[in-house]
Amino acid sequence: MDQSTIDALRAQAVPPRLHIIDGKSVPASDGAVMDVISPIDGTVLTSMARGTVADMQSAIASARAAFEDGRWAGQPPGARKKVLHKWADLIEANALELAVLGVRDNGTEINMAIKAEPGSAAVTIRYYAEALDKIYGEIAPTASDVLGMIHKEPVGVVGAIIPWNFPLMIGAWKLGPALAMGNSVVLKPAETASLSLMRMVELAHEAGLPSGVLNAVTGEGAVVGEAMGLSMDVDVLVFTGSGGTGRRLMEYAARSNMKRVYLELGGKSPNVVFADAPDLKEAAKIAAGGIFRNAGQVCVAGSRLLVEASIHDEFVAEVAKVSAAMRVGDPLDLGTAIGAVNSEVQLMQNLGFVESARSEGGEVVLGGSRILESTGGYYMEPTIVTGVAPEATLTQKEVFGPVLGVSKFESDDEAVRLANGTVYGLAGGVWTSNLSRAHSIVKRIRTGV
Ligand code: NAD
């Protein structure tokens with residue numbers, strides 16, 4: 001990956017993006033389009049179809065027809081495996097093109113995007129390609145005159161709704177397993193990060209996925225996402241995004257066919273640093289990277305830094321030093337450490353969180369402002385707020401931006417209490433050289449990762 005290839009790719013015009021339904025590119029039923037704005041400089045990159053309820057229904061009908069006639073579900077496992085491997089090959093062969101297109105759309109720094117996006121997506125799809133012919137059924141323990149066979153089957157039509165921070169990685173988490181098992185899928189990418197995922201859908205077709213098995217409809221969540229959620233003909237919803245939207249999807253399921261709903265939501269993950277951590281400089285470096293890479297737009301970002309009181313000032317100073325040295329700027333520049341915030345709306349929300357932190361008694365010790373406004377893009381300084389109270393907004397609400405809240409603790413019990421003091425529970429980290437303490441704290445912090 002070199003800068004001149006990246007620059008050549010970024011100079012390419014992006015053609016208007018249409019839906020992909022039944023293997024064909026189709027416009028919205030009413031012809032409506034929406035602008036795709038690049039967060040790098042605020043310019044219009046291209047347009048994409050603004051999907052309608054009718055578009056979503058037509059994509060679902062296409063997926064249903066493909067599922068019922070068995071054009072994919074009916075293929076032997078080895079045949080499906082071959083297509084998925086070919087798809088992963090194509091993703092790898094087009095990795096830089098996919099990554100640059102995605103960065104122009106969502107603002108993630110390219111040195112992260114290349115690994116986290118096409119790189120990760122290809123690995124995920126290969127994983128499920130390899131898994132699909134190793135899934136066995138079971139014979140249930142029954143009376144001798146009864147035969148109970150447990151057979152693993154595809155569910156039918158899977159609706160997948162994807163967020164904007166890592167569209168290819170998260171898209172692959174949904175598409176890999178659903179397609180491997182023989183389901184048909186309707187995909188709804190995020191409004192502000194559709195382009196690279198739509199290209200990945202095209203590559204699936206180039207790899208030999210039959211038409212109708214994977215359909216993708218662009219547009220607004222409140223329109224096409226809702227239509228998917230309320231459909232009587234979608235059997236499963238798989239979703240990554242905010243808690244608010246997740247709650248709506250459960251409501252949609254309850255109001256329609258009680259489809260199964262799988263949700264991956266937000267976080268407010270604690271990073272707990274004890275005075276006996278073996279290498280405080282390394283801890284500071286990772287604490288900074290853990291919140292500021294991708295401008296904090298990472299579900300597992302370590303957005304709450306909990307520091308033992310005896311090292312608090314010294315440690316925060318080190319995190320601030322490392323963070324201040326992280327270069328914010330053009331995400332397509334290989335030297336950039338922190339790219340653009342995804343949209344102007346998101347940037348304004350981030351700044352609002354800084355204001356509320358100040359008004360609730362927090363001290364902004366680094367950053368706090370929009371920068372590089374003259375570029376037309378959406379950039380924000382890495383921001384550190386100390387003295388954040390347990391009940392403060394910055395403790396309780398996910399910012400999903402480059403804002404780190406810091407609090408101190410005096411004891412193990414207090415660290416655990418603070419770490420567990422939110423409704424979230426996605427991820428966490430502990431820094432100590434005391435292995436017994438590490439295991440005990442990890443066990444006591446209620447978190448998935
Ligand atoms: P979002 O909930 O606003 O949007 C996610 C998707 O839902 C988008 O495609 C959007 O169009 C769609 N959507 C919005 N309203 C909808 C509706 N009414 N019906 C159906 N679909 C609708 O979230 P976002 O801002 O795109 O993503 C950020 C959030 O995602 C953060 O909370 C972040 O923590 C979370 N996230 C979680 C993980 C994880 O693995 N747990 C990974 C990445 C992001």
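A: Helix H7 is mostly covered, for ten of its twelve residues are buried (under 20% relative accessible area; exposed is over 50% and partly exposed lies in between, with a 1.4 Å probe and protein chains only). The model is predicted, so local features need pLDDT of at least 70 and side-chain atom pairs count only at pLDDT 80 or more, whereas totals for chains, interfaces and linings use all residues. Residues are numbered from 1 along each chain as its sequence is written, and side-chain values use heavy atoms, with hydrogens and water left out.

Q: Which residues of H7 are buried?

A: An α-helix has 3.6 residues a turn, so residues three or four places apart point the same way. In H7 the buried residues are Leu-195, Ser-196, Leu-197, Met-198, Arg-199, Met-200, Val-201, Leu-203, Ala-204 and His-205.

Q: What does H7 span from its first C-alpha to its last?

A: The expected span of a helix is 1.5 Å times one less than its number of residues. H7 (residues 195-206) reaches 17 Å, close to the 16 Å expected. Just after H7, Gly-208 takes a positive phi of about 110°.

Q: Which residues other than glycine have a positive phi, and where do they lie?

A: Two cases may be taken. Met-258 has a phi near 55° and sits in the loop between helix H9 (243-255) and strand E11 (260-264). Leu-372 also has a positive phi, of about 55°, in the loop between strand E15 (370-371) and strand E16 (379-380). Met-258 is exposed, at 69% relative accessible area, while Leu-372 is partly exposed, at 36%.

Q: How many helices and strands does the chain have?

A: Helices (H or I, at least four residues) and strands (E, at least two) are DSSP runs, numbered from the N terminus. The chain has 15 helices and 19 strands.

Q: Why does the radius of gyration of the chain agree with a compact globule?

A: The radius of gyration is taken over C-alpha atoms, and the globule rule is 2.2 Å times the number of residues to the power 0.38. For 449 residues the rule gives a value near 22 Å, and the chain has 23 Å, which agrees. Its C-alpha atoms fill a box of roughly 65 × 65 × 40 Å along the principal axes. Buried residues make up 54% of the 449.

Q: What share of the contacts in the chain joins residues 24 or more positions apart?

A: Contact means heavy atoms within 4.5 Å. Among contacts with a separation of 6 or more, residues 24 or more positions apart account for 75%.

Q: Is Arg-104 buried or exposed?

A: Arg-104 belongs to helix H4 (residues 95-106) and counts as buried because its relative accessibility is 12%. Leaving aside neighbours within four places in sequence, its contacts include Leu-9, Arg-10, Ser-38 and Leu-332.

Q: Where does Thr-336 lie, and which residues are in contact with Thr-336?

A: Thr-336 lies in the loop between H11 and helix H12 (344-359), and is buried at 2% relative accessible area. Beyond its neighbours within four places in sequence, Thr-336 is in contact with residues including Glu-109, Asn-111 and Arg-327.

Q: How far apart in space are Asp-313 and Thr-386?

A: Asp-313 lies in helix H11 (residues 312-324) and is exposed, with a relative accessible area of 58%. Asp-313 and Thr-386 are 73 residues apart in sequence and 9.7 Å apart in space, C-alpha to C-alpha.
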